[in-house]
Amino acid sequence: TTWSVKDAGGNNVMKGGPYSQSSQTFAETACLEVGQYAFIIDDSYGDGICCQQGQGKWSIALADSCFELESGGSFNFKDELTFEVPENLGGSQCFRLDLLTDTFPGETTWEVASANTGAVYVQGGPYNASSKAYTETVALPVGDCYEFKIYDSWGDGICCREGNGGAEISLNGAVIGSAGAFGREWTSNKFGDACVAINFSQ
């Protein structure tokens, strides 16, 4: 399996593969200029990446808006997608949670809520698989300030007494917080385009 992203002039601006590990997830991110591009994925054997020899999948998204342009996996020798990077990605910002559960995943829940109104935009858990990695990606509206909260119903967090779980949160690709060794609840710092931070020294 190999792939590339070409600009309107046919020049490679991104590329990857071949790969040596099976059943693994690979992610590549690049900053592209405004314009049209073509994503091309090739399979030299001619049976794609799904579903005869595993459950492979490809997807392409505008990362800062959490908007998935297209995905696939079932093709023969080649699959191709033409997409555009617009000047304005719209009125959303991309929140991502990377969560690794501990030995008791049924105790873990979380939410993202408005720091101003308390309205919950998204929530997750409890989980049923221990020591498993989960990724959640959500497009949050602009013009608000948010808080992420993670809960452990037993009160011992998700690290390090009963496994080595952890949670990491990102906004528009930048890590903004992480937690694991907490008690019953952990709350992030406020984040979002409507948050104002004041720093000073004396």
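Colleague: How many disulfides does a search of the whole structure find?

Modeller: This is a predicted model, and a disulfide is counted where a pair of cysteine sulfur atoms lies within 2.5 Å. C50 and C51 form such a pair, their sulfur atoms being 1.9 Å apart, and another disulfide joins C159 to C160, at 2.0 Å from S to S. When the whole structure is searched, the number of disulfides found is two.

Colleague: Is C50 buried or exposed?

Modeller: A residue counts as buried when its relative accessible area is under 20%. The relative accessibility of C50 is 12%, and therefore C50 counts as buried.

Colleague: What is the relative accessible area of C51?

Modeller: C51 is bonded through its sulfur atom to C50 in a disulfide. Residues between the buried limit of under 20% and the exposed limit of over 50% are called partly exposed, and C51 is partly exposed because its relative accessible area is 44%.

Colleague: Is the disulfide of C159 and C160 right-handed or left-handed?

Modeller: C159, one partner in this disulfide, counts as buried at 15% relative accessibility. The torsion about the S-S bond of C159 and C160 is about 80°, so this disulfide is right-handed.

Technical notes:
Residues are numbered from 1 along each chain as its sequence is written. This is a predicted model: local features need pLDDT of at least 70, side-chain atom pairs count only at pLDDT 80 or more; totals for chains, interfaces and linings use all residues. Side-chain values use heavy atoms; hydrogens and water are left out. Buried means under 20% relative accessible area, exposed over 50%, partly exposed in between (1.4 Å probe, protein chains only).
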